[in-house]
Amino acid sequence: MENATPAGVVLLPLLMDESFSLQIEKQYGGCRIDQFLAQRFTAFSRAHITQSIKHGSITVNGDSVKPSYRLKVADLLAGCIEAVPAPAAPTPQPVNFEIL
């Protein structure tokens, strides 16, 4: 399934661990913050963004909010979505096989 970007959403380049600041425009009023940010920053999963919101790394008008917070026109979102750590490379382990 293709990850479609909703009309009117401009994808911003985001350097990992870099702060951002966005002001909400009229067409995004009423959207959930977690859904809005997941559409905006497609390099991150919605679950990862939700965790950043819960940890207080992303604020609305300087206050921590829940991931279900509904955006209002002119809200100021600010924060940082931290880089997702790369999975560790698998390490081989010896396995004793019984040869028949």
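Start by selecting Phe20 and Phe41: both of these residues are buried. Keep in mind as you look around that this is a predicted model. Now colour by secondary structure and see where each partner comes from. Phe20 belongs to strand 1 (residues 19–23), while Phe41 lies in the loop between helix 1 and helix 2.

**Next stop: helix 2**

Select residues 46–54, which make up helix 2. Which residues of helix 2 are buried? Pick out Ile49, Thr50, Ser52 and Ile53. These four span an arc of only 160° around the axis, so they end up on the same side of helix 2. On the face turned away from the buried side you'll find Ala47 and Lys54, both exposed.

**Now for the charges**

Select Arg32, Asp34 and Arg46 together. These three are linked in a network of salt bridges. As a bit of background, side chains of opposite charge can pair when their charged atoms come close.

Between Arg32 and Asp34, the closest N and O atoms of the salt bridge are 2.9 Å apart. From Asp34, a salt bridge also runs to Arg46, and here the closest N and O atoms are 3.2 Å apart. This second pair joins distant parts of the chain, with Asp34 in helix 1 and Arg46 in helix 2, 12 residues apart. A search of the whole structure turns up 2 salt bridges.

Is Asp34 buried or exposed? Its relative accessibility is 2%, so Asp34 counts as buried. Arg32, at 22%, counts as partly exposed, and Arg46, at 38%, is partly exposed too.

**A look at two cysteines**

Select Cys31 and Cys80. Cys31 has a relative accessible area of 25% and is partly exposed. Cys80 comes in at 18% relative accessibility, which makes this residue buried, as the cut-off for buried is under 20%. How many disulfides does the structure hold? The count is 0.

**Last stop: colour by confidence**

Finish by colouring the chain by pLDDT. The mean for the protein chain is 83, and 81% of the residues reach 70 or more. Then select residues 1–5, where pLDDT is below 50; beyond near neighbours in sequence, this stretch has 2 contacts in the model. Move along to residues 8–15, where pLDDT also stays under 50. For residues 8–15 the model has 15 contacts beyond four places in sequence.

Terms used: Residues are numbered from 1 along each chain as its sequence is written. This is a predicted model: local features need pLDDT of at least 70, side-chain atom pairs count only at pLDDT 80 or more; totals for chains, interfaces and linings use all residues. Side-chain values use heavy atoms; hydrogens and water are left out. pLDDT is the predictor's confidence in each residue, from 0 to 100. Contact means heavy atoms within 4.5 Å. Buried means under 20% relative accessible area, exposed over 50%, partly exposed in between (1.4 Å probe, protein chains only). Helices (H or I, at least four residues) and strands (E, at least two) are DSSP runs, numbered from the N terminus. The arc is that of the directions from the helix axis to the C-beta atoms. A salt bridge is a side-chain nitrogen of Lys or Arg within 4 Å of a carboxyl oxygen of Asp or Glu. A disulfide is a pair of cysteine sulfur atoms within 2.5 Å.
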